[in-house]
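Take a walk through this fold from the inside out. Begin with the packing, then turn to rings and open space.

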Amino acid sequence: MATFRLQGSKVLAVTMTGDAVKAKNGSMVAYDGQMAFKKMSGGGEGLRGMVTRRLTGEQMEVMEVRGQGTCWFADRASEINLVRLHGDRLWVEASNLLCADAGLRTGTTFTGMRGGATGNGLFTTTVEGTGQAALLSDGPAVVLRVTPQYPLSVDPGAYIAHQGDLQQHFQSGVTFRTLLGEGGGEAFQIRFEGDGLVYVQPSERNTIGGDV
């Protein structure tokens with residue numbers, strides 16, 4: 001299995017001994033040794049995965065990197081966060097997934113509605129199995145614990161990923177900004193209940209759920 005290590009907080013070094021990783025297309029910044037690069041359609045899931053991603057709008061351009069040596073990855077000076085999976089599943093925004101062990105299975109799952117009036121669905125990339133994954137964040141990511149006693153509400157623009165036994169609920173019509181008298185249109189929060197971890201970034205991306 002490939003070895004992941006961070007060099008600083010914005011460069012990921014992956015050492016391979018004949019094995020492979022799946023990485024965000026175009027994220028390689030340097031390598032030594034012998035490496036082969038191959039673009040993978042639809043996130044490496046073949047025609048079915050490619051069609052699913054076109055229908056859902058969850059875009060993940062992926063390349064397979066295989067070889068002997070070390071390959072370095074980065075993406076627009078974003079912060080990188082390592083997550084180790086032990087047979088469990090990680091839900092992550094496609095744009096926030098930098099790299100994963102090739103043995104980890106990737107897919108797309110429907111997680112709810114972005115808004116009843118617009119009818120927009122929310123689809124998230126899943127990573128499942130045993131191995132490591134590297135997540136991107138705009139600024140240092142924060143890992144928040146959710147327990148049955150302490151549910152968590154998250155601005156969707158700050159959401160990166162989650163793992164564990166969590167249920168998601170989408171609350172439309174109110175966000176942190178609308179509570180402060182700002183923003184407009186139909187907007188929503190993501191509420192997590194159960195037992196698990198939620199990864200958030202200290203910056204907000206644009207979402208299609210409204211001004212959040």
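A nonpolar core is a set of buried Ala, Val, Leu, Ile, Met, Phe, Trp, Tyr and Cys residues joined through side-chain atoms within 4.5 Å. Buried means under 20% relative accessible area, exposed over 50%, and partly exposed in between, with a 1.4 Å probe and protein chains only. The model is predicted: local features need pLDDT of at least 70, side-chain atom pairs count only at pLDDT 80 or more, and totals for chains, interfaces and linings use all residues. Residues are numbered from 1 along each chain as its sequence is written, and side-chain values use heavy atoms, with hydrogens and water left out.

The chain has 2 helices and 13 strands. These are DSSP runs numbered from the N terminus (helices H or I, at least four residues; strands E, at least two). Of the 212 residues in the chain, 48% are buried.

The largest nonpolar core holds 17 residues, and Leu12, Val14, Val21, Phe73 and Cys99 have the most contacts inside it. At least two core residues come from each of strands S2 (11-24), S5 (62-73), S7 (97-101) and S9 (121-137). S2 gives the largest share, 5 residues. Look at leucine 12. Beyond its neighbours within four places in sequence, its contacts (heavy atoms within 4.5 Å) include Phe4, Cys71, Phe73, Ile80, Leu98 and Ala134. A second, separate core has 13 residues, among them Leu90, Ala100, Leu104 and Leu135.

Stay on S2 for alanine 20, which lies in that strand. Alanine 20 is buried, at 7% relative accessible area. Not counting residues up to four places away in sequence, alanine 20 touches Glu64, Val65, Arg66, Asp101 and Ala102.

Next, the rings. Rings of Phe, Tyr and Trp (its six-membered ring) pair if their centres lie within 6.5 Å; planes under 30 degrees apart count as stacked, over 60 as edge-to-face and the rest as tilted. The count is 2 aromatic pairs. Tyrosine 159 and phenylalanine 192 have ring centres 5.9 Å apart and planes at 25°, so this pair is stacked. Tyrosine 159 sits in strand S12 (residues 159-172) and phenylalanine 192 in strand S13 (residues 188-200), so the pair ties together parts 33 residues apart in sequence. Both tyrosine 159 and phenylalanine 192 are buried.
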